[in-house]
There are 2 protein chains.
Amino acid sequence: MYLVDALHLRILRLLRDEGAVSRAELGDRLELTRPRLLAEVERLITAGLIAEAGMAASRGGRRSTLVEIHPRLRFAAVDLGASSIDIEVVNGRLEPVATYREAADIRSGPKVILQRVNELLAKARIDGAYERLDAVGIGVPGPVSFRDGVPVSPPIMPGWDRYPVRELLAREHSCPAVVDNDVNIMAIGERHGGVAHSVDDFLFVKIGTGIGCGIHLAGTVFRGVDGCAGDIGHIQVDANGPVCSCGNAGCLEALFSGAALARDALAAARAGESPALAERLAGRLAGGEELTARDVAEGAAEGDVTCIRLIREGGRRVGGVLATLVSFANPSMIVIGGGLAQLGHVLLAEIRSVVYRRSLPLATGNLPVVLSELGGRAGVTGAAVLASDMAFEQAS
Amino acid sequence: MYLVDALHLRILRLLRDEGAVSRAELGDRLELTRPRLLAEVERLITAGLIAEAGMAASRGGRRSTLVEIHPRLRFAAVDLGASSIDIEVVNGRLEPVATYREAADIRSGPKVILQRVNELLAKARIDGAYERLDAVGIGVPGPVSFRDGVPVSPPIMPGWDRYPVRELLAREHSCPAVVDNDVNIMAIGERHGGVAHSVDDFLFVKIGTGIGCGIHLAGTVFRGVDGCAGDIGHIQVDANGPVCSCGNAGCLEALFSGAALARDALAAARAGESPALAERLAGRLAGGEELTARDVAEGAAEGDVTCIRLIREGGRRVGGVLATLVSFANPSMIVIGGGLAQLGHVLLAEIRSVVYRRSLPLATGNLPVVLSELGGRAGVTGAAVLASDMAFEQAS
C-alpha cells in the first residue's frame, strides 16, 4: 500500500512540476523497472490524471511517448487575508487560467466571505476556466487545525472559530478541499516556485498587518500540536512596550508590523521629526490622514533619517526574535515576505546584522536571509500546491 | 524495499519495547496477513535477531508460539558529559547488564576519552556482559553532524572538531555506531522510557553545566541543518548581562546554569545576603570555597529567601526563552532535565508561570511542563535506543 501510494504521488508530482516527460525518462528518474512504470502510467491514464503528449525526441533506440499531467485538471487556490480575497484557478501544472483579487474584510464572517469565494469561483466556471474542480486549497489568516479543516481560535477572525471551512468547500465543489494557515501556504508556495525552491529546512517570515512564521522542516510544513506553530507575532520583546491587540504588552507585532509602522510614522510626521512623512501627510486628502509602510519606504529611499530609523528599529526587533529561532531550529534559509517586505534592503540588512551577531556562528555560517520572490502570489501558489497534493493523494 | 524495511523495523521495535509476543498477537498488532508475518518472522529468526520463547496462553484456537528479541543481542550506550563518562551495556530489551560511571574531563581530548570508553567496554566483556556488540550509541556535549558521525565546532570540546568518533568506535567494536548530541539522546531516552513516553512533539530542556534543548517533532529528533538545533544556551536574554564563555554578553546560560548559579550563590554568601549559603560556605574545608546548585536547593528547602530568589530569577530567564519557543513550535510537552532539575518545584513553578503568561493561550491550553523522570539515566537510555535502531536498520 505505502509503496504504491508513494509511487503514484511521485509520478504525478514530477509531471506537475516539470511538464511532459517520456516514459523512458520517467522510469530513469524514479528508478523503476519498465514493467512497473508502464503499469502505473496506464493506471493513471485510466484514472484520467495523466495523458499522452506526443513523441519524445529519440534517445538512440525506439522513441518513447511523452506523458503529461492531464490538461483537463483544475485546482482552485484561495488566499484569504485580513482585508483581501485572492483566487487563482490553475491547471495541473499549477499555471493560472483565471485570477481574481478583491478587497474583503475577514471580520465579515465565514458565511459572507465563503459565499463571495464561491461566487468568484462560479464566475470562473462561467468564464470557461474550468468544468469541474479536482480540489480546492484555501489559506486563512489564523491558526488552523489541519486535520479537522477548521480555523481554531483565530484572533482576527470573529465567527470563524471551528467553522467547517473544508467541509463546506468540499461539498459546494464536489471535490477534496484543504485548509491551512496563510503563512504556511506562503512557505509552501515559496518552496514550490520561489527562492526556497527545493530547500528542505527554512523559515518563511511574513511581516504584514501582523507577523507570522511558516516553518518548513525536513521537507514538510510543521504545524504544531494545535496548529499554531509559527505564531511569533505575539512573542514578548519588550515588557514595557505598547499594548498589543491580544491584550499583552510589547508583543513583536505591537512594535513592528504594518499597523505599528503606520502608527509610528504618523506620530513622527506630527512631531515634526520627518520632513518626508510630514510632506506625505500634508498631501493626503482631508479625512485620509493616514500613512502607510509605502510612505516610510519612499521616505527611506529619499534618505529621510526618521524613515530609515523606523525601519532599522523594526528590523532589529524582528532580527532579535529570529536570532533566537535560528539558535533553536538551525534552518538553512530565512525568507522575508508580506507587505513590509517592500521596505527592502534597509530592513533586510538590519535583520541580517542582528541574526548574524546574536546566533551561534555554526548556525549562521551559511544562512541566507532573503526576500520572498513570489511576493503577493506566494499564498495562492502554496494553496494550489496543497490542493493538487490532496487530489493526487486521494486519487489512488 | 521500503515496505520490507519498515516491516522488519516495526517487528523488532515492538519486541524490543514490549518483550515476548505471540505470532498471532504480532500479526494483529501490525495488521499483517498471517503468511506475510510468518515469512518475516522466519527471516528475522534466521538472521539471529529474534528467537522462539515458548508457547503463548491460549486464545481459544491453536496455541501460538511466543517470539522475543534474541537474548544474545547487546548494545553499548555511552553518555559523555563535560566531566563524566556514563556507560551501559544493555540487552535487546535495553535492560542494563553492566553499568559504569566515572569522572572524566571531556577537554582531555578524543584519544584519551575514547580510549577510556574502549577500556571500560573491554572490562564489560571480560566481566561477561557480552561476547560481541551489535551496535554502539554515543552522546557528546556539543553539536554533531549526525550524518557524518562527528562533532562539529563543539565549544567545550577542544580537539574533537570533526574527529571521526563513529568510524573509530565502529572499527574498534566491529559493529554499527551512531553519534549524537547529549541533549538529543536525553530526549530520545525520555521518550522511550520516561515522562514523554510516546509523546510525538516535545522539548527536552537540559539545565546543567550549560543549557541545551532536544527537539522532538513529529515523532523524531530534529537536528537542524548543521546539527546545532536546540542550542538555546547562547540565546541573548540580556544585552547588559555577564559575558558568556562564547564571548557574547547576556547569553541564557551565562545568566542561569550550574556554573552561573554557583557564581551567584558564592557572591550572595560573601555579601552576607544568605544565611543558609554563608553557613554552607563556612563549613567547606579550606581551599574548597565553592557552592553548588545542591547548596542552593537545600537553602531554598529551608526557606532561605536569597536561595529562592536565585532559583526564581533563573526560572524566569529560562521561562522567557521557552515562551518564545512555545509560540514558535507549539509542542505538546516540555520536559526539564539536567543537574539543575534538582531545584525542583520552585524552578518548575516559575518556568510554568512565565510560559503560561507569555505564550499564546492556544499553545499553552494543554501544555504540561514537567521534570525528567529518568534523571541521570536519560542519556544512556537514549543512546541505547539509537544504537538498537541503527542495528535493526542495518540488519535488513
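Is B:Arg377 buried, partly exposed or exposed? With a relative accessible area of 37%, B:Arg377 is partly exposed. Please keep in mind throughout that this is a predicted model.

1. **The partner of B:Arg377.** The side chain of B:Arg377 meets that of B:Glu88 in a salt bridge, 2.8 Å from N to O. This pair links distant parts of the chain, the two residues being 289 apart. B:Arg377 sits in the loop between β15 (369-371) and α14 (378-394) of chain B, while B:Glu88 belongs to strand β5 (residues 84-91) of chain B. B:Glu88 is buried, because its relative accessible area is 5% and the cut-off for buried is under 20%.

2. **A pair within a helix.** B:Glu313 and B:Arg309 also form a salt bridge through their side chains, at 3.2 Å from N to O. Both belong to helix α11 of chain B, and because they are 4 residues apart there, about one helical turn separates them. B:Glu313 is partly exposed, at a relative accessible area of 32%, and B:Arg309 counts as partly exposed at 34%. In chain A, salt bridges with shared partners join A:Arg13, A:Arg16, A:Asp17, A:Asp389 and A:Glu393 into one network.

3. **One further pair, and the total.** B:Lys123 makes a salt bridge with B:Asp127, and their closest N and O atoms are 3.3 Å apart. B:Lys123 counts as partly exposed, with 40% relative accessibility. Over all chains, the structure holds 61 salt bridges. As a reminder, side chains of opposite charge can pair when their charged atoms come close.

4. **The interface.** How many salt bridges does the rule find across the interface of chain B and chain A? The number is 0. Polar contacts are found, however: 16 residue pairs between chain B and chain A, with both residues at pLDDT 80 or more. The side of chain B that touches chain A is made up of 21 nonpolar, 11 polar and 6 charged residues.

5. B:Phe328, B:Asn330 and B:Leu362 supply 23% of the area that chain B buries against chain A, more than any other three residues. In contact are 38 residues of chain B and 38 residues of chain A. The elements giving two or more residues to this side of chain B are α1 (2-18), β12 (211-217), α11 (305-329), α12 (344-358) and α13 (361-364). Of these, α11(B) gives the most, with 5 residues.

6. **How the copies are related.** The same surface serves both copies, as 100% of the contact residues of chain B recur in chain A.

7. **An aspartate in a loop.** B:Asp134 lies in the loop between α4 (110-126) and β7 (135-140) of chain B. At a relative accessible area of 14%, B:Asp134 is buried. Its side chain makes a polar contact with the side chain of B:Arg72, at 3.1 Å. Leaving aside residues up to four places away in sequence, B:Asp134 touches B:Arg72, B:Leu73, B:Arg74, B:Phe75, B:Cys175, B:Pro176 and B:Ala391.

Technical notes: Residues numbered from 1 in each chain as written. Chains lettered and ligands numbered in written order. Predicted model: local features only at pLDDT ≥ 70, side-chain atom pairs only at ≥ 80, totals over all residues. Heavy atoms only, no water. Contact = heavy atoms within 4.5 Å. Buried area = accessible area lost by both parts, 1.4 Å probe. Salt bridge = Lys/Arg side-chain N within 4 Å of Asp/Glu carboxyl O. Polar contact = N/O pair within 3.5 Å; in protein donor to acceptor, adjacent residues only side chain to side chain. Nonpolar A, V, L, I, M, F, W, Y, C, P; charged D, E, K, R; others polar. Buried < 20%, exposed > 50% of the residue type's maximum accessible area, 1.4 Å probe, protein only.
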